[in-house]
Amino acid sequence: QVQLVESGGGLVQPGGSLRLSCAASGNIFSISAMTWYRQAPGKERELVAAITSGASTDYGDSVKGRFTISRDNVKNMVYLQMNSLKPEDTAVYYCNANVLSRGYSTYRAYWGQGTQVTVSS
């Protein structure tokens, strides 16, 4: 079917930067929205940033002005540039994509396995 694989997580000091990547592969005809979510321990999963196939973007209030989402429609990839990181950004970050596969008539949501981001001194 379709696989999403995130990369780029790690440990960073407060004020630092990280760039997350998510690669979609498999039976892909087109991808509409691609979204980053995150989930911190003991908290619900929350939307971080989303981008449409036409490059319209939306951000969670807590990351506006610090994070930037982008995508490469040829490579089926989405990126999240995270600047001015804070300890409260610590979470597992998940990639989500709405995919139309060949031979199907409706889009389906797929999730990656997540990548850990830890912001600590």
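**Exercise 1. Which residue in the turn of the hairpin formed by E7 and E8 has a positive phi?**

Let's work through this predicted model one step at a time.

- Step 1: Find the two strands, E7 (67-72) and E8 (77-82).
- Step 2: Check how they pair. E7 and E8 run antiparallel and are joined by 6 bridges.
- Step 3: Look at the turn. There are 4 residues between the strands, and Asn76 is the one with a positive phi, about 55 degrees.

**Exercise 2. Sort the residues of E7 by face: which are covered and which are uncovered?**

- Step 1: Phe67, Ile69 and Arg71 make up the covered face.
- Step 2: Thr68, Ser70 and Asp72 make up the uncovered face.

**Exercise 3. Find which members of the largest nonpolar core touch the most other members.**

- Step 1: This core has 31 residues, and Trp36, Leu80, Met82 and Tyr93 touch the most other members.
- Step 2: Ask where the core residues come from. Strands that each supply at least two include E3 (18-26), E4 (30-39) and E9 (91-100). The largest share, 5 residues, comes from E9.
- Step 3: Zoom in on Leu80. Beyond its neighbours within four places in sequence, its contacts include Leu18, Trp36, Val48, Phe67, Ile69 and Tyr93.

**Exercise 4. Is Gly8 buried, partly exposed or exposed?**

- Step 1: Locate Gly8 in the loop between E1 and E2.
- Step 2: Its relative accessibility is 35%, so Gly8 counts as partly exposed.
- Step 3: List its contacts. Leaving out residues up to four places away in sequence, Gly8 touches Leu18, Arg19, Leu20 and Thr115.

Terms used. Residues are numbered from 1 along each chain as its sequence is written. This is a predicted model: local features need pLDDT of at least 70, side-chain atom pairs count only at pLDDT 80 or more; totals for chains, interfaces and linings use all residues. Side-chain values use heavy atoms; hydrogens and water are left out. A nonpolar core is a set of buried Ala, Val, Leu, Ile, Met, Phe, Trp, Tyr and Cys residues joined through side-chain atoms within 4.5 Å. Buried means under 20% relative accessible area, exposed over 50%, partly exposed in between (1.4 Å probe, protein chains only). Contact means heavy atoms within 4.5 Å. Two strands pair if DSSP finds at least two bridges between them.
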